[in-house]
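Hi there,

Here is the model I promised to pass on to you.

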Amino acid sequence: MDHHNQKKCPDCGKEAPDTLYFCPQCGCRLVELPPEGLNRQKASKEILVGIEQTPVSDLPFCFDGLEDEYGPIQYAEVLCPGVYFIVAKAGKNEFPPFACEYLAVTEDSPAISSQARAYGAALPTVPKVWLYDYDYFSKGKHIVEYEAHRYLAEQGVPLPRGCSLIEDRSFGMEVCPE
């Protein structure tokens, strides 16, 4: 293996290309960011990734016909291409009537494997979108978050503040040991 263009992660010891700012294994910072910061759009030129609210009208799906069960989408954020954190006003069947949080994954997401999609609920009126409860005990939530964060690290995009691949893996194995 040619180590000329590699660097070793100070946290996990994995070799990583010297062009990456963050370790693809654990998400640890490998080099200081440039003064202007790292453009989080690097992972996708079309979608701003995980930095601010995304207009609900820009989502590639909607809950039309599902409002009674899930409620209308009130807030959305792109975690990585094809993976969305969404908050919906509680559906008519929800009690107490709090907001509900979900992860939504589209079939064309380059970050999420078909095995991970299997943990989600395919929406009957929204083709090629899987929904995961954003709950600690939801297996799918942990698997999707890990795969989305791993994708960001592989693309050299910083993980969201307070997130690491090691923590994603640890929490995920607690809920989903398989």
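**What I found**

The protein has an accessible surface of about 10000 Å², and 51% of that belongs to carbon and sulfur atoms. Accessible areas come from the Shrake-Rupley method with a 1.4 Å probe, and for residues only the protein chains shown count as cover.

Some ground rules before the details. This is a predicted model, so local features need pLDDT of at least 70 and side-chain atom pairs count only at pLDDT 80 or more, while totals for chains, interfaces and linings use all residues. Residues are numbered from 1 along each chain as its sequence is written, and side-chain values use heavy atoms, with hydrogens and water left out.

**Overall fold**

There are four helices and seven strands in the protein. Helices (H or I, at least four residues) and strands (E, at least two) are DSSP runs, numbered from the N terminus. Along the sequence, they follow the pattern β-β-α-β-β-β-α-β-β-α-α. Of the 178 residues in the protein, 46% are buried; here buried means under 20% relative accessible area, exposed over 50%, and partly exposed in between (1.4 Å probe, protein chains only). Among contacts (heavy atoms within 4.5 Å) between residues at least 6 apart in sequence, 44% join residues at least 24 apart.

**The sheet**

Five strands form an open sheet in the order S3-S4-S5-S7-S6, with antiparallel pairing. Its edge strands are S3 and S6 (121-122), each of which pairs on one side only. Two strands pair if DSSP finds at least two bridges between them. As background, strands of a sheet pair through backbone hydrogen bonds, either parallel or antiparallel.

S3 and S4 (residues 83-88) pair in the antiparallel sense over six bridges. Within that pairing, Tyr75 has Val87 in S4 as its bridge partner, and Glu77 stands opposite Phe85 in S4. Two residues lie between the strands of this hairpin, where Gly82 takes a positive phi near 80°. On its other pairing, S4 joins S5 in the antiparallel sense, again over six bridges, and Ala88 stands opposite Cys100 in S5.

How enclosed are these strands? S3 is largely enclosed by the rest of the structure, because six of its eight residues are buried. For S4, six of the six residues are buried, so this strand too is largely enclosed by the rest of the structure. In a regular strand the side chains alternate between the two faces of the sheet. Both faces of S4 are covered, with Val83, Phe85 and Val87 buried on one side and Tyr84, Ile86 and Ala88 buried on the other.

Ser109 sits in the loop between S5 (100-106) and helix H2 (114-117). Ser109 has a relative accessible area of 5%, so this residue counts as buried. Leaving aside residues up to four places away in sequence, Ser109 touches Pro81, Gly82, Val83 and Arg117.

Pro55 is in the loop between strand S2 (15-17) and helix H1 (67-70). Pro55 counts as partly exposed because its relative accessibility is 40%. Although 21 residues separate Pro55 and Ala76 along the chain, their C-alpha atoms are 6.7 Å apart.

Tyr146 belongs to helix H3. Its relative accessible area is 17%, so Tyr146 is buried. Not counting residues up to four places away in sequence, Tyr146 touches Leu165, Asp168 and Arg169. Tyr146 and Phe171 are 25 residues apart in sequence and 9.7 Å apart in space, C-alpha to C-alpha.

**The second largest pocket**

The second largest pocket holds about 260 Å³ of space. On a 1 Å grid over the protein atoms alone, a pocket is an open set of points where a 1.4 Å probe fits, with protein on both sides within 12 Å along at least five of seven lines; lining residues have an atom within 4 Å of a point. Its lining has 17 residues, and the closest to its centre are Tyr134, Glu145, His149, Cys163 and Asp168. The volume is the space filled by probe spheres set on the points, with grid points joined across faces, edges and corners.

Which elements supply at least two residues each of the lining of this pocket? They are S3 (73-80), H3 (139-154) and H4 (165-175). H3 gives the most, with four residues. By type, the lining divides into seven nonpolar, five polar and five charged residues. Here Ala, Val, Leu, Ile, Met, Phe, Trp, Tyr, Cys and Pro count as nonpolar, Asp, Glu, Lys and Arg as charged, and the others, Gly among them, as polar.
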